[in-house]
Amino acid sequence: MTVGIENLTVSYQRHPAVHHVSGRFLEGECTAIFGPNGAGKSTLLKTMMGSLTPDAGRVVLEGYQRKDIAYLPQQAEIDRSLPVSVLDLVATGLWHETGVFGKVGRNGQARALQALEQVGLADFAPRSISALSSGQFQRVLFARILVQDARLILLDEPFNAVDAKTTYDLLELVRLWHDEGRTVIAVLHDYEQVRAYFPQTLLLAREVVAWGKTEEVLTDVHLKRAVETAAHWHERAPVCQADGVVA
């Protein structure tokens with residue numbers, strides 16, 4: 001089971017955000033996608049998820065079905081005004097068992113409550129998601145992933161605007177997923193988090209700067225190159241014209 005990136009180019013308004021990226025995420029690896037602002041990190045993750053269509057190249061999800069993938073978007077992309085309880089939101093992680101509009105039974109609700117206990121929010125089960133702080137809401141989203149029990153977990157800036165205690169607790173969940181042999185790929189901005197919790201790193205500056213073991217990727221030479229590449233990227237560089245396919 002692997003996630004293959006084959007000569008991938010993705011653009012916004014014909015400006016390349018990800019340019020000719022190739023590589024593979026192997027099963028069981030815990031990988032950080034790291035790089036300067038505007039480096040295309042979230043764009044790459046969204047393309048892997050199928051939310052964006054490539055201009056060229058493709059993403060190959062070898063051995064994974066849709067139910068095997070859990071995706072955590074940035075909080076800013078989630079509408080928290082909906083009248084949904086914490087428990088009901090966590091239970092939506094069972095969609096691959098119940099169907100999109102299926103009823104969650106007693107066993108499913110018990111699993112959702114257990115996941116909330118694991119993230120320290122069991123007492124919040126009946127509350128509305130609109131009443132939660134950013135840190136509490138992020139714990140709820142991680143509980144939803146726990147319920148989904150996915151083999152491939154994609155996290156887009158999961159610790160932005162989250163307090164230090166919550167960040168530590170959720171990073172320990174990432175460590176647990178890695179120990180269980182799940183594949184975790186996360187867009188991150190914090191250098192120390194990457195070094196402490198992610199053995200593999202993709203250093204991205206719209207193109208691949210380095211990809212491999214974290215201690216070999218996050219060197220002064222590579223980091224300097226990433227900053228320089230991002231700063232001097234030609235915003236009007238032509239995009240590839242070949243049709244992209246996400247498989």
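Angles under 35 degrees between two axes count as roughly parallel, a cut-off needed for the first of these close-up views of a predicted model.

**View 1. Helices α5 and α6 and the crossing of their axes.** Helix α5, which covers residues 134-148, and helix α6, which covers residues 164-179, have axes that come within 10 Å and cross at roughly 15 degrees. Because this angle falls under 35 degrees, α5 and α6 are roughly parallel to each other, and their crossing is left-handed.

**View 2. The residues where α5 meets α6.** On the α5 side, the residues taking part are G135, Q138, R139, F142, I145 and L146, and they meet K165, T166, D169, L170, L173, V174 and W177 of α6. By kind, the residues of this contact between α5 and α6 divide into seven nonpolar, three polar and three charged.

**View 3. A32 in strand β3.** A32 lies in strand β3, which spans residues 30-34, and A32 counts as buried because its relative accessible area is 0%. Once its neighbours within four places in sequence are left aside, A32 is in contact with A186, L188, V194, F198, Q200, T201 and L202. I78, by comparison, is 46 residues from A32 along the chain, and the C-alpha atoms of the two are separated by 22 Å.

**View 4. Q109 in helix α4.** Q109 belongs to helix α4, made up of residues 106-118, and with a relative accessible area of 39% Q109 is partly exposed. Leaving aside neighbours within four places in sequence, Q109 is in contact with L87 and V104. Between Q109 and T9 there are 100 residues of separation in sequence, and 42 Å in space from C-alpha to C-alpha.

Note on methods: Residues are numbered from 1 along each chain as its sequence is written. This is a predicted model: local features need pLDDT of at least 70, side-chain atom pairs count only at pLDDT 80 or more; totals for chains, interfaces and linings use all residues. Side-chain values use heavy atoms; hydrogens and water are left out. Helices (H or I, at least four residues) and strands (E, at least two) are DSSP runs, numbered from the N terminus. Buried means under 20% relative accessible area, exposed over 50%, partly exposed in between (1.4 Å probe, protein chains only). Contact means heavy atoms within 4.5 Å. Axes are lines fitted to C-alpha atoms, for helices over the stretch in contact, and angles run from 0 to 180 degrees between N-to-C directions. Angles under 35 degrees count as roughly parallel, over 145 as roughly antiparallel, 65 to 115 as roughly perpendicular and the rest as oblique. A crossing is left-handed if the near helix is turned anticlockwise from the far one by less than a right angle, and right-handed if clockwise. Ala, Val, Leu, Ile, Met, Phe, Trp, Tyr, Cys and Pro count as nonpolar, Asp, Glu, Lys and Arg as charged, and the others, Gly among them, as polar.
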